[in-house]
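Please open the sequence and the structure together and follow the points below.

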Amino acid sequence: MGKGSNGNLISAVEKFRLQRPSDSAMKNLISWEEVAKHNTKNDCWIVVNNIVYNMSNFRKKHPGGSKILEFYAGQDATEVFNAFHKDFDRVAKYSKTYQIGLIDPSGSLNDRSDQEKEKAQKELEIREDFRKIQQIALEKGYFKPSYTFFFLHSIQIVFFYLMGFYIQIKYGGDWIPTLCALACSVMAQVLFFFYLYEEKN
């Protein structure tokens, strides 16, 4: 799934956490109360590492789907973000476009109602669950690539391409050999796109 060892992944998370926000974001302090107002799919703000992102126009482009962004609209999504992303260099490259501000450190949390405090407690429990999921995934090596898998997958692609050419050359241009050769070519292309998908994710 990923590239590199467990240690490299952890350092990548830390590196992303320490990234410098965009100049425009650094000039704009936003309270948690203001973030909480933007909690719909068409007005979707999230917070990652105390940086506020406006995901309203990006949610449909999100490789992980729009639902996860909509679920965390108006909330802190730091833990789930760290748990399910691995290519932090790529994320850092494009994320600054959507940064709109920083969480105001002077914002008070003491004025929250009991209902808001209960909701905050549940969010903390969810974050702890994501920490546990990430730790289990790291320990089991789920972020390590399987080179054997990709090698065998490449062999499959080459095999179907060569089989298509072989059928066409060996049995001529009649419609049955042509259909068989076409089926082999289509299969090779399907496997190829599956390979690309696995490589990206």
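In helix α8, the buried residues are Phe150, His153, Ile157, Gly164 and Ile167, where buried means under 20% relative accessible area, exposed over 50%, and partly exposed in between (1.4 Å probe, protein chains only). Helices (H or I, at least four residues) and strands (E, at least two) are DSSP runs, numbered from the N terminus. Please keep in mind that this is a predicted model, in which local features need pLDDT of at least 70 and side-chain atom pairs count only at pLDDT 80 or more, while totals for chains, interfaces and linings use all residues. Residues are numbered from 1 along each chain as its sequence is written, and side-chain values use heavy atoms, with hydrogens and water left out.

**Helix α8**

- Just after α8 comes Gly172, which takes a positive phi of about 80°.

**The sheet**

- Five strands make an open sheet with mixed pairing, in the order β1-β5-β3-β2-β4; two strands pair if DSSP finds at least two bridges between them.
- The edges are held by β1 (29-30) and β4 (75-76); each has a single partner strand, so one side of each is left without a neighbour in the sheet.
- Strand β3 (residues 51-54) pairs with strand β5 (residues 99-103) in the antiparallel sense over 3 bridges.
- Opposite Val52 you will find Gly101 in β5.

**Ala25 and its contacts**

- Ala25 lies in helix α2 (residues 23-26), and it counts as buried because its relative accessibility is 0%.
- Leaving aside residues up to four places away in sequence, Ala25 touches Gln99, Ile100, Gly101 and Leu102; contact means heavy atoms within 4.5 Å.
- Ala25 and Tyr53 are 28 residues apart along the chain, and their C-alpha atoms are separated by 9.2 Å.

**Aromatic pairs**

- Rings of Phe, Tyr and Trp (its six-membered ring) pair if their centres lie within 6.5 Å, and planes under 30 degrees apart count as stacked, over 60 as edge-to-face and the rest as tilted.
- By this rule the count comes to 4 aromatic pairs.
- One of them joins Phe71 and Tyr72 edge-to-face, at 5.0 Å centre to centre and 75° between the planes.
- Are the two partners buried or exposed? Phe71 counts as exposed at 52% relative accessibility, whereas Tyr72 counts as buried at 7%.
- Phe159 and Phe160 also form an edge-to-face pair, because their ring centres are 5.5 Å apart and their planes are at 75°.
- Phe159 is partly exposed at a relative accessible area of 46%, and Phe160 is partly exposed at 23%.

**Salt bridges**

- A salt bridge is a side-chain nitrogen of Lys or Arg within 4 Å of a carboxyl oxygen of Asp or Glu, and by this rule the count comes to 2 salt bridges.
- Lys37 forms a salt bridge with Glu34, with the closest N and O atoms 3.5 Å apart.
- Lys37 and Glu34 are 3 residues apart in helix α3 (residues 32-37), so they are separated by about one helical turn.
- Lys37 is exposed at 58% relative accessible area, and Glu34 is partly exposed at 28%.
- Glu70 forms a salt bridge with Arg59, the closest N and O atoms being 2.9 Å apart.
- This pair links distant parts of the chain, 11 residues apart, with Glu70 in helix α4 (residues 66-71) and Arg59 in the loop between β3 and α4.
- Both Glu70 and Arg59 are buried.
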